[in-house]
Amino acid sequence: MRILVTDGMDKTALEQLKANGHEVVERFYKPEELGAALRDFDAVVVRSATKVRANHIDEAKGSKLKLIIRGGVGVDNIDVKYAEDAGITVKNTPRASSNSVAELAMGHMFSCARFISVAGHTMRQDQWEKKAYGKGIELGGKTLGIIGFGRIGQSLGRMAKGIGMEVIAQDIFHVPGIEEQIGMKYVELDELLAKSDFISLHTPSLNGVKLICKENIDKMKDGVVFVNTSRGDNVNEYDLLQALNSGKIRAAGLDVYADEPASNKALYNHPSVSCTPHIGAATKEAQQRIGMEIVDIIEGFGK
């Protein structure tokens, strides 16, 4: 196969594809150039930077393109149904990065609870704010509400149980046996919002629906900690900022934003925000697993 890799890929996996006889081209195309370029490839591998939309698929129709692979979990940067209706298979790598994203979410929870981000920042400005940041909270014994209980949510749930947190979750799908396996329970969204001391969001893009908005923030406990490592467009950033300013939300851990690169300076500069630049899956181990899962998909395609 002739394979286009637009957003980078683990080098070991790239070498494996080449060793298996495939031609691999690493190149990023601007949106206006992508559709025509796709005609020259059997498969394309993308991460989050490249978006494969209906117009690109229209340009690639009737060509050799037959496989789109998203190296990661979410496929909202690909018009999946449109591609499949055009006879192009779409795959992702849902297992490979779950643990890495869950660990980052847990890291933001600790950071928010103990002022790790802002305290470190003030020390680098030669300030010793021991008294200001000496009122942290522990995670053990607190209730974590996980919205979206897929692979990442389940991984986070296991970690949280391991440090003594109570775990509740909301999802439109209920995984059989998972409540007994992890020691958690499914609840409705309103109950989760009302009972949780920490809330972590793990849903795909909701097509413009702002799940975290004033209406739902008002249902949360006072002083809740909110973490988002899913999709930035699931959050009304204005409402989140207002809740941080009022203290309704004690702190927020954010890895994703409405615009990326993030443009809401008032939000990511807020002293109660622990922020990272969309690095949830950016670990050496996750990238290796993603790469090898991509190799497996390509080698198994059409068999």
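**Burial, helices and ion pairs in a predicted model**

User: In this predicted model, is arginine 231 buried or exposed?
Analyst: The model is predicted. Arginine 231 has a relative accessibility of 17%. The cut-off for buried is under 20%. Arginine 231 therefore counts as buried.

User: Which residue meets the side chain of arginine 231 in a salt bridge?
Analyst: The N to O distance in this pair is 3.0 Å. The cut-off for a salt bridge is 4 Å. The partner of arginine 231 is aspartate 76.

User: How many residues apart are aspartate 76 and arginine 231?
Analyst: Aspartate 76 sits in the loop between β4 and α4. Arginine 231 sits in the loop between β10 (224-228) and α11 (237-246). The pair thus links distant parts of the chain, with a separation of 155 residues.

User: Which residue pairs with arginine 53 in a salt bridge?
Analyst: Arginine 53 lies in the loop between β3 (43-46) and α3 (54-60). Its partner lies in the loop between β4 (67-70) and α4 (80-85), so the pair ties together parts 26 residues apart in sequence. The N to O distance is 3.2 Å, and the partner is aspartate 79.

User: What is the N to O distance between the side chains of arginine 2 and glutamate 23?
Analyst: Arginine 2 is in strand β1 (residues 2-5) and glutamate 23 in strand β2 (residues 23-26), 21 residues apart. Arginine 2 is partly exposed at 24%. Glutamate 23 is partly exposed at 41%. Their side chains meet in a salt bridge at 3.1 Å.

User: How many salt bridges does the whole structure hold?
Analyst: Arginine 2 with glutamate 23 is one of them. Arginine 53 with aspartate 79 is another. A search of the whole structure gives a total of 14.

User: How many disulfides are there in the whole structure?
Analyst: The sulfur of cysteine 275 is 10.0 Å from its closest cysteine sulfur, in cysteine 112, which is too far for a bond. For cysteine 213, the nearest cysteine sulfur is also that of cysteine 112, 20 Å away. The search of the whole structure returns a disulfide count of 0.

User: How many of the 17 residues of α5 are buried?
Analyst: The buried residues of α5 include Ser98, Val101, Leu104, Met109 and Cys112. α5 is largely enclosed by the rest of the structure, because its buried count is 12.

User: What span does α7 reach from its first C-alpha to its last?
Analyst: α7 has 12 residues. At 1.5 Å a residue, the expected span is 16 Å. The computed span is close to that, at 17 Å.

User: Which residues form a nonpolar patch on the surface with about 250 Å² of accessible area together?
Analyst: One member lies in the loop between α7 (151-162) and β7 (166-170). That member, isoleucine 163, counts as partly exposed at 35% relative accessibility. The patch is formed by Phe110, Ile116 and Ile163.

Note on methods. Residues numbered from 1 in each chain as written. Predicted model: local features only at pLDDT ≥ 70, side-chain atom pairs only at ≥ 80, totals over all residues. Heavy atoms only, no water. Patch = residues over 30% accessible without salt bridge, like charges linked within 9 Å, V, L, I, M, F, W, Y side chains within 5 Å. Areas by Shrake-Rupley, 256 points an atom, 1.4 Å probe, with all protein chains shown as cover. Helix = DSSP H or I, 4+ residues; strand = E, 2+ residues; numbered from the N terminus. Buried < 20%, exposed > 50% of the residue type's maximum accessible area, 1.4 Å probe, protein only. Expected span 1.5 Å × (residues − 1). Disulfide = S-S within 2.5 Å.
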